[in-house]
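Reader: Could you take me through this model and show, term by term, which cut-off stands behind each label?

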Amino acid sequence: MSLPTIDIAVAVVGEKGMNLFAGNIPDPIAGIGYVVSWQKPSASVPKSLRNRTDVRIFTTLTTGLSVNRNNALNYCTADIIMPTDEDIIYRPTALRQLREIFGTDPSLDYVVFRYDGADSQAYPDNEITITGREPRGVAVTAFSLACRRSSLLKIHATFDTRFGIGAPRYVLGEDDLFFETLKRLGLKGRFIPLTVCTHPGKSTGFRQLSDPRLTLTHGVAIGLIYPLTAPLRVVLKATRLSRAGQAPFMTALWWLTRGWLESLTIRPPWKTR
């Protein structure tokens with residue numbers, strides 16, 4: 001049986017980001033390629049990557065994480081696409097297992113998998129079929145997703161450029177909205193308790209929320225994804241942020257509520273297709 005190929009779509013920013021990617025990439029693996037979108041390409045390509053036939057690099061003068069991710073997606077040609085960041089470290093054996101998982105189930109549109117690192121995520125030990133709701137205990141980020149390229153093309157799935165680092169106002173939430181789009185537009189997926197990669201640093205959503213735009217954007221994402229239960233979820237989110245030491249409760253509640261109210265004027269990405 002011929003296994004599907006994988007393109008790891010890497011969003012890289014600047015010389016530091018490219019050097020970080022070059023230091024993290026494993027030795028070549030059969031069936032695995034890397035499609036790199038490089039914003040702010042301020043230096044030459046590192047020597048270790050110049051002769052790598054499995055690495056394709058595309059420079060861009062754009063800004064914004066979602067724009068960068070979409071640029072990488074546009075150049076992917078493999079059967080499976082895995083959006084990711086420059087600091088993610090992959091496990092070769094797990095990548096081979098992902099090829100086998102997609103190869104044995106042609107109906108599978110996407111897989112959510114485990115990652116480890118500073119976020120200290122806890123996951124279920126069993127496989128879960130993903131339907132309308134996000135599975136309890138399963139944290140979904142761009143770099144914990146593997147998607148069949150033909151399925152993404154069918155629904156015209158992209159990252160919403162109004163959201164994510166570098167966006168004018170809503171500086172996170174692009175991963176949540178991308179995943180919600182996959183579900184809302186009918187793609188079928190599974191959570192697999194397989195650790196595929198490591199994220200050494202803390203994700204934006206787990207850090208101290210010193211910029212009010214971060215909390216505001218949490219509120220917008222809650223409002224878009226859960227319009228009927230958003231008021232209750234805003235209070236619960238403020239409580240969790242306070243308990244985690246990420247923001248004082250009243251401050252979080254204020255900005256989350258403001259974000260939820262703003263969400264009422266925003267068209268969700270799954271309704272713009």
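Author: What follows is a set of questions about labels, each answered by setting a value against a definition.

Author: This is a predicted model, in which local features need pLDDT of at least 70 and side-chain atom pairs count only at pLDDT 80 or more, while totals for chains, interfaces and linings use all residues. Residues are numbered from 1 along each chain as its sequence is written, and side-chain values use heavy atoms, with hydrogens and water left out.

Reader: Why is cysteine 147 called buried?

Author: Buried means under 20% relative accessible area, exposed means over 50%, and partly exposed lies in between, with a 1.4 Å probe and protein chains only. Cysteine 147 has 1% relative accessibility, so the label is buried, and cysteine 197, at 0%, is buried too.

Reader: How do you know how many disulfides there are in the whole structure?

Author: A disulfide is a covalent bond between the sulfur atoms of two cysteines; here the term is applied to a pair of cysteine sulfur atoms within 2.5 Å. The sulfur of cysteine 147 has its closest cysteine sulfur in cysteine 76, at 11 Å, which is too far for a bond. For cysteine 197 the closest cysteine sulfur is that of cysteine 147, at 13 Å, again too far for a bond. The search of the whole structure finds zero disulfides.

Reader: What makes the link between glutamine 39 and threonine 62 a polar contact?

Author: A polar contact is a pair of N or O atoms within 3.5 Å; within protein, one must be able to donate a hydrogen and the other to accept it, and residues adjacent in sequence count only if both atoms are side-chain atoms. The side chains of glutamine 39 and threonine 62 are joined at 3.1 Å, and those of threonine 60 and threonine 62 at 2.8 Å, so both values fall within the cut-off.

Reader: Where do glutamine 39 and threonine 60 lie, and are they buried or exposed?

Author: Helices (H or I, at least four residues) and strands (E, at least two) are DSSP runs, numbered from the N terminus. Glutamine 39 belongs to strand S2, residues 32-39, and threonine 60 to strand S3, residues 55-60. With relative accessible areas of 4% for glutamine 39 and 11% for threonine 60, both are buried. Contact means heavy atoms within 4.5 Å; leaving aside residues up to four places away in sequence, glutamine 39 touches Thr60, Thr62 and Asn68, among others, and the contacts of threonine 60 include Gln39, Lys40 and Asn68.

Reader: What makes the phi of lysine 40 worth a remark?

Author: Most residues other than glycine have a negative phi. Lysine 40 has a phi near 50°, a positive value in a residue other than glycine, and is found in the loop between S2 and H2. Its relative accessible area of 56% makes lysine 40 exposed. Histidine 156 also has a positive phi, near 55°, and is placed in the loop between helix H5 (149-155) and helix H6 (174-184); at 57%, histidine 156 is exposed.

Reader: Why is serine 48 called partly exposed?

Author: Serine 48 lies in helix H2, residues 47-50, and has 49% relative accessibility, so the label is partly exposed. Phenylalanine 249, in helix H9 (residues 249-263), is partly exposed as well, at 31%.
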